[in-house]
Amino acid sequence: MNSSKERIVIKTYKGYLIDLDGTVYKGTERIPSAEAFIEKLQAQNIPFLFVTNNATKTAAEVRENLLNNFRIDVTEDHIYTSGMAALDYLIEKDMGKRVIVIGEDSLKTQVTQSGFEIVDEKPDFVLQALDREVTYKELEAACLAIQAGAGFIATNPDTNLPTEKGFVPGAGAITAFLKACTQREPIIIGKPYSVIMQGALHRMELDKADVLMVGDNYNTDILAGVHYGMDTLMVLTGFSQIADIIDKEDEEQPTYIVETLAEWEV
Ligand SMILES: [Mg+2]
């Protein structure tokens, strides 16, 4: 672990994978040091990709939010959600075309645009994300399909989401429901699992040794990098703090830690 005060530039990275919430903005709040960091990458033509576990939005919707609320002007090519990673994975693995989707409209749009057929029964696989209007009937159909041998893919493992109301159920809580009624383990796409990292690097066409994973959440962002064998930069503007990592083994520590992204030289 290198504290920011011990070094100016450790290594020059050819590209960056960057988390969104807690790293680039905080809920509805701006993080000006992060906005300046993105501008620096853009000015120097350094490739970067925002990697988010949130599968409830399309790349276009994420882009709009960044532009309208956070003064960050990027193209859709700069955005990679766990939903997009799931579809890349399903296409690569050729797991069939018929799918039951537990997920919101944005995800369903992406699923059909990617050439899959959304069905109510007898699917080749179940794709499960956060769905804030999910019904018992839909969960029942997913459960029966998985019991009958359909593939089981979950976009992201986040069990809770921070809101004004408190920590409400996330995609991972719905996954727990399906695991309980099927006794099957899903393939999980999002951070800290490696599928999303693999997909992101594939899109960037860069080697993992040349890319830095940047994020605020030790358990998702940093462990995603650690598991996938990448260098990581933990920024203390969001979820995790130094106290959260003090007891971790050396090989599970972030490569770098900064208070804000203003400290990082690209
Ligand atoms: Mg975050």
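# A chat about contacts, domains and a pocket

Biologist: Leaving aside its neighbours within four places in sequence, which residues is Asp19 in contact with?

Modeller: Away from those sequence neighbours, Asp19 is in contact with Val24, Phe50, Val51, Lys191, Met213, Val214, Gly215, Asp216 and Asp221. Please keep in mind throughout that this is a predicted model.

Biologist: OK, and where does Asp19 lie?

Modeller: Asp19 belongs to the loop between strand E2 (15-18) and E3.

Biologist: Is Asp19 buried or exposed there, and why?

Modeller: Asp19 counts as buried because its relative accessibility is 7%, and the cut-off for that word is under 20%.

Biologist: What feature does UniProt place at Asp19?

Modeller: The UniProt record, an unreviewed entry, places the feature "active site" at Asp19 and Asp21. Both Asp19 and Asp21 are also included in the lining of the largest pocket.

Biologist: Tell me about that pocket, then. How much space lies in it?

Modeller: The largest pocket holds about 1,600 Å³ of space. Its lining is made of 44 residues, and those that lie nearest the centre are Asp21, Asn54, Asn160, Leu161 and Pro162.

Biologist: Switching topic: which domains is the protein divided into?

Modeller: There is domain 1, which covers 2-53 + 192-263, and there is domain 2, which covers 94-188. The contact takes five residues from domain 1 and four residues from domain 2. As for the spacing, the centres of domain 1 and domain 2, taken over C-alpha atoms, are separated by 28 Å.

Biologist: Which domains does the pocket lining draw on?

Modeller: At least three residues of the lining of the largest pocket come from each of domain 1 and domain 2.

Biologist: You listed Lys191 as a contact of Asp19. What does UniProt list for Lys191?

Modeller: The unreviewed UniProt entry lists Lys191 under "binding site". In the model, Lys191 lies in the loop between strand E13 (187-188) and helix H7 (195-204), and its relative accessible area is 1%, so Lys191 is buried. Not counting residues up to four places away in sequence, Lys191 touches a set of residues that includes Asp19, Val51, Thr52, Asn53, Pro157, Thr220 and Asp221.

Biologist: Now Ser82. Where does it lie, and which residues does it touch?

Modeller: Ser82 is in helix H3 (residues 82-93), where it counts as buried because its relative accessibility is 0%. With residues up to four places away in sequence left out, the residues that Ser82 touches include Thr52, Asn53, Asn54, Ala55, Thr155, Gly190 and Ile196.

Biologist: Ala55 is on that list. What does Ala55 itself touch?

Modeller: Ala55 touches Ser82, Gly83, Leu107, Ala129 and Thr155, again not counting residues up to four places away in sequence. Its place is in the loop between strand E5 (48-52) and H2, and Ala55 counts as buried because its relative accessibility is 5%.

Biologist: Last one: what distance separates the C-alpha atoms of Ala55 and Glu133?

Modeller: Those C-alpha atoms are separated by 14 Å, while Ala55 and Glu133 stand 78 residues apart along the chain.

Definitions and conventions. Residues are numbered from 1 along each chain as its sequence is written. This is a predicted model: local features need pLDDT of at least 70, side-chain atom pairs count only at pLDDT 80 or more; totals for chains, interfaces and linings use all residues. Side-chain values use heavy atoms; hydrogens and water are left out. On a 1 Å grid over the protein atoms alone, a cavity is a set of points where a 1.4 Å probe fits but cannot get out, and a pocket is an open set with protein on both sides within 12 Å along at least five of seven lines; lining residues have an atom within 4 Å of a point. Grid points are joined across faces, edges and corners, and a volume is the space filled by probe spheres set on the points. Domain bounds come from an automatic or database domain assignment. UniProt positions are given in the numbering used here, feature names are shortened, and annotations may be inferred rather than shown by experiment. Helices (H or I, at least four residues) and strands (E, at least two) are DSSP runs, numbered from the N terminus. Buried means under 20% relative accessible area, exposed over 50%, partly exposed in between (1.4 Å probe, protein chains only). Contact means heavy atoms within 4.5 Å.
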